[in-house]
Amino acid sequence: MTIFLNMKLNENLKKLMSKRKIRLAELAKDVGLPKSTIHGWLNGAQPRSVLELNKVAKYFGLNIHELCFGEDDLQSVGKPEEVITQLNGVELVLRKIKS
């Protein structure tokens, strides 16, 4: 089973910043990214670096999937065997492994 997910990074980031009353400049400084990068994401630009996403996700106590797609995305589709998304032409595949 393969599932394609829609990225909601800009929506999720806006909600997180609003909820915690964090301004763009403060977030950029705290995570060590240019303000222009955060601004772009807030306006719908696709991220270019998983490392940058990880910095912001950790700042909010989330993982990259939660930051980009929200927790409800996986809950709404159950537990997929494979999740595929694309970030600027790079395919990201997450597969469920047996434990």
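In which helix does Asn12 lie? Asn12 belongs to helix α1, which covers residues 9-19. The structure described here is a predicted model. With a relative accessibility of 12%, Asn12 counts as buried, because buried means under 20%. Leaving aside residues up to four places away in sequence, Asn12 touches Glu66, Leu67, Cys68, Phe69 and Gly70.

**The nonpolar core**

The largest nonpolar core contains 19 residues. Those with the most contacts inside this core are Leu13, Leu27, Ile38, Trp41, Val56, Phe60 and Leu67. Helix α1 gives the most to the core, with 4 residues.

Not counting residues up to four places away in sequence, Ile38 touches Leu13, Leu24, Leu27, Ala28, Leu33 and Val56.

**Two packed helices**

Two packed helices are described by the angle between their axes and the distance between the axes. Here, helix α3 (residues 35-42) packs against helix α4 (residues 50-59) at an angle of about 85 degrees, and the axes are 12 Å apart. Angles of 65 to 115 degrees count as roughly perpendicular, so α3 and α4 are roughly perpendicular to each other. On the α3 side, the contact is made by Thr37, Ile38 and Trp41; on the α4 side, by Glu52, Leu53 and Val56. Sorted by class, this contact has 4 nonpolar residues, 1 polar and 1 charged.

**An aromatic pair**

The model has 1 aromatic pair. The ring centres of Tyr59 and Phe60 lie 5.1 Å apart and the ring planes stand at 90 degrees, so this pair is edge-to-face.

**A loop residue**

Pro34 is found in the loop between α2 (24-31) and α3. Its relative accessibility is 44%, so Pro34 counts as partly exposed. Pro34 and Leu24 are 10 residues apart along the chain, and their C-alpha atoms are separated by 9.9 Å.

The accessibility values given above are collected here.

| Residue | Relative accessible area | Class |
|---|---|---|
| Asn12 | 12% | buried |
| Pro34 | 44% | partly exposed |

Key:
Residues numbered from 1 in each chain as written. Predicted model: local features only at pLDDT ≥ 70, side-chain atom pairs only at ≥ 80, totals over all residues. Heavy atoms only, no water. Phe/Tyr/Trp six-rings, centres within 6.5 Å; stacked < 30°, edge-to-face > 60°. Axes fitted to C-alpha atoms, helices over the stretch in contact; angles between N-to-C directions. Helix = DSSP H or I, 4+ residues; strand = E, 2+ residues; numbered from the N terminus. Parallel < 35°, antiparallel > 145°, perpendicular 65-115°, else oblique. Contact = heavy atoms within 4.5 Å. Nonpolar A, V, L, I, M, F, W, Y, C, P; charged D, E, K, R; others polar. Buried < 20%, exposed > 50% of the residue type's maximum accessible area, 1.4 Å probe, protein only. Core = buried A, V, L, I, M, F, W, Y, C linked by side-chain atoms within 4.5 Å.
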